[in-house]
Amino acid sequence: MIDSHAHLAMFQDGEVEGVLARAEEAGVERILAPATGPGDLERTVALRDRFPERVVAAVGCHPHEAAALDAALKRRLEGLVGRDGVVAIGEIGLDYHYEIAPREDQRRALAWQLALAVESGLPVVLHEREAWPDFLAALAAQEGVRGVAHCFTAGVEAAQEVVARGLAVGVAGMVTFPKAEQVKAMVAALPLDRLLLETDSPYLAPVPHRGQRNEPALVRLVGEAVARERSTSLAEVEAVTSSTFARLFGPGAGVA
Ligand SMILES: [Zn+2]
């Protein structure tokens with residue numbers, strides 16, 4: 001099983017080994033760790049270098065950090081592209097819910113990073129929250145984007161639009177929440193080979209760990225919930241989502 005989205009850089013140095021050991025015990029053989037900005041870019045790549053068998057990295061500037069994307073940070077990002085184990089540009093996108101960075105800065109940062117991804121031949125790890133029309137416009141403005149819209153919550157129709165653009169959709173612990181009907185409907189409606197499993201650790205722990213710190217071992221609970229919603233087996237969900245991950249983020253992300 002694969003956790004396609006875990007912020008490993010948000011765990012303390014001394015904790016990461018335990019987190020990875022518990023993931024391995026739970027059958028989670030690979031983790032994609034996205035960076036969020038200037039504070040964790042190098043640390044995310046260093047974690048990949050420390051655990052090259054288990055971890056692959058994405059480098060990018062999260063919408064919350066969009067105002068920080070100046071010429072110097074662009075050079076840093078460009079310098080990390082092409083490093084071993086850097087398999088994607090992410091986490092990038094638009095977040096109008098928290099709107100920590102001005103919308104204009106968010107749109108500019110997203111457009112620049114989408115172009116960087118396409119130029120570099122890398123997929124993207126996308127974040128969208130309450131910004132759907134502008135998010136879709138940004139995707140439409142840049143040809144050749146591939147990747148995943150992680151922890152997607154904009155509804156079934158929006159998810160189908162994402163899939164129609166050739167992207168995958170990330171399913172996080174929300175699918176285990178009793179009231180998350182929209183996410184459950186989305187999981188049932190999309191083709192299984194367009195879904196990826198993720199934890200979004202350390203956030204969004206699935207039931208029955210809700211409110212606690214999340215970690216990659218718990219992605220199994222997300223997989224079980226997806227299997228339940230689709231009336232299929234965990235083995236089927238695991239096989240299909242793992243091969244989608246390999247197709248998107250491989251061969252550097254190849255699954256053993
Ligand atoms: Zn994230």
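Two strands pair if DSSP finds at least two bridges between them, where strands (E, at least two residues) and helices (H or I, at least four residues) are DSSP runs numbered from the N terminus. The views below show a predicted model, in which local features need pLDDT of at least 70 and side-chain atom pairs count only at pLDDT 80 or more, while totals for chains, interfaces and linings use all residues. Residues are numbered from 1 along each chain as its sequence is written, and side-chain values use heavy atoms, with hydrogens and water left out.

**View A. Strand 7 beside strand 6.** Strand 6 (residues 147–149) runs parallel to strand 7, joined to it by two bridges, and Val-148 has Ala-168 of strand 7 as its bridge partner. Ala-168 and Gly-170 point one way from strand 7 (residues 168–171), Val-169 and Val-171 point the other way, and all are buried (under 20% relative accessible area with a 1.4 Å probe, protein chains only).

**View B. Strand 7 beside strand 8.** Three bridges join strand 7 to the parallel strand 8 (residues 195–197), and Val-169 stands opposite Leu-195 of strand 8.

View C. His-5 (NE2), His-7 (NE2), Glu-91 (OE) and Asp-200 (OD) are the protein donors of the zinc ion, at 2.1 to 2.8 Å from it; donors are N, O and S atoms within 2.8 Å of the metal (3.2 Å for Na, K and Ca), and sites may look incomplete because water is not among the atoms. The sequence spacing of the donor residues is H-x1-H-x83-E-x108-D. His-7 is buried at a relative accessible area of 3%, and Asp-200 also counts as buried, at 9% relative accessibility.

Terms used:
Buried means under 20% relative accessible area, exposed over 50%, partly exposed in between (1.4 Å probe, protein chains only).
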